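Thanks for coming, everyone. Please look at the structure while I talk about its charged side chains.

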Amino acid sequence: MMRGKPENWIQRVVAELRQPARFDEEFDRRVMTAIRAMPRHRYRAWTRALRPRTITVSPLVSGIAAALLLALTLSVGHAIGTLRASRAAGSRLDVSVDRSGSSHVTPRRAVQFVLVAPTARKVQVVGDFNDWDTTHPEFSAQHRGGGVWSVTAAVPEGHHRYSFVVDDSLWVADPTAPRALDDDFGVPNSALVVGGGDLTR
């Protein structure tokens with residue numbers, strides 16, 4: 001009979017396979033027990049971390065985050081600028097010639113001068129190392145933001161007196177340096193000792 005009508009046999013098998021399978025509660029319990037006994041996934045934490053999520057950020061938090069990012073960017077920019085200025089000053093001529101005509105040379109070291117002057121429009125460093133020249137371009141401080149003015153320049157080794165000149169008229173001693181004992185004509189000066197290595201004020 002199966003040889004005579006193979007299509008009927010196949011149809012009965014298909015019909016039997018299409019019948020819905022019925023499992024009892026015992027079967028479900030055994031399956032769940034077997035699943036729970038399986039080892040945990042090795043990358044479960046990564047899978048959870050990489051799962052897409054919706055994050056809601058308030059405008060206040062995003063504003064604070066933007067301000068912090070801006071402050072961080074400005075700080076990094078200031079640090080890079082200071083580092084470049086220091087390197088540029090260090091790569092400049094590192095000796096000064098004695099003006100008496102002798103062949104004696106004095107090594108020069110990079111010194112960073114810093115003054116906080118929020119209302120200043122111009123800050124210049126003057127001292128015996130630049131003949132108290134208020135127009136010397138190498139000692140013209142740059143505004144770094146937040147009222148901070150700084151310049152890094154090569155200064156001969158030795159003991160020096162210096163001061164800041166604000167807006168071409170106001171002489172200001174460096175508040176972070178010791179005072180020079182012999183102020184000239186009542187003008188406040190600061191003392192500076194330049195030795196080996198780079199210095200910061």
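**Salt bridges and a charged patch**

The count comes to three salt bridges, where a salt bridge is a side-chain nitrogen of Lys or Arg within 4 Å of a carboxyl oxygen of Asp or Glu. A quick note on the basis: this is a predicted model, where local features need pLDDT of at least 70, side-chain atom pairs count only at pLDDT 80 or more, and totals for chains, interfaces and linings use all residues. Residues are numbered from 1 along each chain as its sequence is written, and side-chain values use heavy atoms, with hydrogens and water left out.

Why pair up? Side chains of opposite charge can pair when their charged atoms come close.

Take the helix pair. Glu26 forms a salt bridge with Arg29, and their closest N and O atoms are 2.4 Å apart. Both residues sit in helix H2, residues 25-36. They are three residues apart, about one turn of the helix. Helices here are DSSP runs of H or I with at least four residues, strands are runs of E with at least two, and both are numbered from the N terminus. Glu26 is partly exposed at 35% relative accessibility. Arg29 is partly exposed too, at 47%. On the terms: buried means under 20% relative accessible area, exposed means over 50%, and partly exposed lies in between, with a 1.4 Å probe and protein chains only.

Now Glu157. Which residue does Glu157 form a salt bridge with? The partner is Arg109, with the closest N and O atoms 2.7 Å apart. Glu157 lies in the loop between strand S5 (148-156) and strand S6 (158-166), while Arg109 is in strand S2 (residues 105-116), so this pair ties together parts that are 48 residues apart in sequence. Glu157 is partly exposed at 27%. Arg109 is partly exposed at 29%.

Next, Asp168 and Lys122. Their side chains meet in a salt bridge at 3.0 Å, N to O. This pair links distant parts of the chain, 46 residues apart. Asp168 is in the loop between S6 and strand S7 (170-172). Lys122 is in the loop between S2 and strand S3 (123-127). Is Asp168 buried or exposed? Asp168 counts as exposed, at 53% relative accessibility. Lys122 is partly exposed, at 31%.

Last, the patch. Arg40, Arg44, Arg48, Arg51 and Arg53 form a positive surface patch. Patch residues have over 30% relative accessible area and no salt bridge, and like charges are joined within 9 Å. Arg48 lies in helix H3, residues 44-49. Arg48 is partly exposed, at 44%.

Technical notes:
Patch = residues over 30% accessible without salt bridge, like charges linked within 9 Å, V, L, I, M, F, W, Y side chains within 5 Å. Areas by Shrake-Rupley, 256 points an atom, 1.4 Å probe, with all protein chains shown as cover. Lys, Arg positive; Asp, Glu negative; His and termini not counted. Charge placed at Lys NZ, Arg CZ, Asp CG, Glu CD.
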